[in-house]
Amino acid sequence: MNLQKQTTEVPVPQGTTETFDENARRALVDPQLRTALRKLTVTFGERRAQAIASVDDWEGLRERARAIKDETLAHLDKYLADFADKAERAGAQIHWADDGKDVCQLIIRLLQERNAKRVVKSKSMATEEIHLNAALEAAGITPVETDLGEWIIQLAHETPSHIVVPAIHKSKKQIADLFVEKLGIEPTDDVDRLTSAARRILRQRFAEADAGISGVNFGVAETGSILILENEGNIRLTTSLPKIHIALMGIEKVIPRFADLDVFLKLLPRSGTGQRLTAYQSIITGTKKNPGDEGPEEVHIILMDNGRSRMLAHPVTRQSLACIRCGACLNACPVYQQIGGHAYGSVYPGPIGAVITPQLIGIGKAAQLPYASSLCGACREVCPVKIDIPELLLHLRAQIAEGTPSTSAPMKRKVLESLAFRLYAFAWSRPVLYELGGRILRLCQGPMVRNGRIGKVGKIMSKLLPPLGAWTAWRDARPLAPRSFREMWRDRPVP
Amino acid sequence: MLARIREHLAASAPFDRVHHEASAKHEVGPSGQSIEHSNDISLIGLFCEALEAVNGKCTIVADEAEATLSLKQVIDLNKLNRIAVSESPVVDRLMRQIDAANAEVLSNVEPAVLFECDAGITSAQWAIAETGTLVLESKSERHRLVSLVPPVHIAILEAGRIRRTMAEVLEAVNQSGELSRTVTFITGPSRTSDIELTLAIGVHGPAKLHVIVIDDVKQTV
């Protein structure tokens, strides 16, 4: 196997945030993807339901988690300073990074100064967010992903399609073919054999690694500890074996107290994979105490902003920073269920991706994503930290409609739209006009109703009034009932 | 960066006043206040049940003599020839009693040698009954690689160290600022569902986890 050679190939284009509509259409006609998504969302949905039933007061737990996050975010400066201070006292080295470019440069410098060429990586959405692998490869360092799913997509030159199970879009057959081609294993359709091939090859990488790069699930301000959850054991190997451990932590990952971990350890595995607890949690506080102890010589923790701090500037956007990256909203979302993760064109897919991507990369570059939702609220129902994602989606849509320089709609349309809604608000807030309006609409719809639907004629009508076309292009409008509720109420039989 | 954070938080203040959620009070009391400390013997049963539900094996023995027999059985049954041990006193006591004619027992093992070992034996400082979780602290023994690299992990657990909940154990490991540099929580063998959500055991860590619980609590009853 020659990873060096393979990774210089250009990744397969999977669409961008700006081509969401096309990406989604492509995904909808991919039968294998749809089978995989059905299996994922049904299985994870059922497992989650079982797992949360094992908690006495799930709602209370969610409330508490959100309160902890709100408290942290309201005083984020203080908790981050505390965290950094405690971690440094325990021997970790703290670095502050404003954006992804800073992080990449810093990591490259740390590795080059120590002549660390062989790098193992455990799964980290933050490193995906800043495209760390591409930056390292450009600097001549080839990082090896060691989470099985991440390794599969690294071999295939793809990007993750789910926060928790990154290779969920690939079938067993595709993975087997990939392993035969890239690793030269015997053809097999046995998952255990595929897994043990990965174990065998990745063990060599672990044994020879100079440095390990990981993410962070929670950083504890009280003790300066980081906690990382996993099932495979690759994170433990990544953070224990090499001489250098570099952990990338978004600034929103900090929580105040060590005891708060209990709340999040109850919520995250149950919401993510439907487990009561994942197989491993590692709590790492600084570096080793004595030279004879196990573990890396150096632990570096990078605190990354990359667009996060500006989300603090409004209570609606601030809640985006409460996210613990469990993926439950993806599994519950009727849009994600149909189109999968790649259609979003961003590292973070699904409902949470639709709200954090525009905020991270700029709303002008992802203006379609806040509309990739029916606002059904399933995401809000399952969110372990009670993020009101529909509220966030509407907040972002309002920004787009009001027009930032990059998204501004034509002035004429804006004026007309605003006028139409003012008229609508004026009429519909006055009972007499409301009733009159209803009567007129019922009269007008008469010739258009066919079999209880406003069908073809409606589509022609919508061409005359183009804004209505967006409404009726993909669905039949329901006609108004022959009699309104107010009329029925007035005429109700009096006992 | 902290200055920028303060600036953005200040910018949010006028919105916070009108926004219903942010008006909720931000002061949250410490977690884990409702911890009930229990020394219930049934915790052993609960622990083993939870561990076996996640593909771990659990043997309950009455004392160290029985633990030695049980350990020997596990070693013979799994044909373990090369065994790495941590410096835990209880592991040391048990291994002294075992006639290791067929097995090579190594302590203080270099990582490179660990990759060639058939099993690793450690103790555990705490356990969580509700989830079948072992909790290992680096200040008590060098557990990080012995419990991880070989394909079989055998852990010796004294029943008195079992607590019911995660909250109790978090409190115990952080007592009086004595937090270990590494605390590892282990719930069953290594697992993955990354290929078509099909469960595969033993992807990077041990494929087998065997816990021998010494029921020292019962002795005193």
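The following dialogue goes through a predicted model of a complex, feature by feature.

Me: Which scores does the predictor give the complex, and what is the mean pLDDT of chain B?

Reply: The complex has an ipTM of 0.92 and a pTM of 0.89. For chain B the mean pLDDT is 89, with 87% of its residues at 70 or more.

Me: How do I read the domain assignment of chain A?

Reply: Look at the residue ranges. Domain 1 is made of two segments, 3-13 and 57-309, while domain 2 covers 417-490. The centres of these two domains of chain A, taken over C-alpha atoms, are 53 Å apart.

Me: How do strands of a sheet pair?

Reply: They pair through backbone hydrogen bonds, and the sense is either parallel or antiparallel. In chain A, six strands make an open sheet with parallel pairing, in the order β1-β10-β7-β4-β2-β3.

Me: Why is one side of β1 and of β3 left without a neighbour in the sheet?

Reply: β1 (93-97) and β3 (142-145) of chain A are at the edges and have a single partner strand each, so one side of each lacks a neighbour in the sheet. On average, neighbouring strands of this sheet are turned by 25° against each other, direction ignored.

Me: How many bridges join β4 to β7 in chain A?

Reply: Four bridges link strand β4 (residues 211-214) with strand β7 (residues 244-250), and the two run parallel. As a position to look up, G212(A) faces H245(A) in β7(A).

Me: How is the size of an interface often given?

Reply: It is often given as the accessible area lost when the parts come together. Here the description is in residue contacts: 73 residues of chain A touch 57 residues of chain B. Helix α11 (residues 191-208) of chain A supplies the largest share of the chain A side, nine residues. By class, that side holds 34 nonpolar, 17 polar and 22 charged residues.

Me: In which sense do β9 of chain A and β9 of chain B pair?

Reply: The sense is antiparallel: strand β9 (residues 280-284) of chain A and strand β9 (residues 182-186) of chain B pair over five bridges. Within this pair, I283(A) has V183(B) as its bridge partner.

Me: What does the secondary structure of chain B come to, and what share of its residues is buried?

Reply: Chain B has seven helices and twelve strands. Of its 221 residues, 48% are buried. Among contacts in chain B with a separation of 6 or more, 73% are between residues 24 or more positions apart.

Technical notes. Residues numbered from 1 in each chain as written. Chains lettered and ligands numbered in written order. Predicted model: local features only at pLDDT ≥ 70, side-chain atom pairs only at ≥ 80, totals over all residues. Domains from an automatic or database assignment. Contact = placed C-beta atoms within 7 Å. Nonpolar A, V, L, I, M, F, W, Y, C, P; charged D, E, K, R; others polar. Pairing = 2+ DSSP bridges. Axes fitted to C-alpha atoms, helices over the stretch in contact; angles between N-to-C directions. Buried ≥ 20, exposed ≤ 12 C-beta atoms within 10 Å, placed from the backbone. pLDDT = per-residue confidence, 0-100.
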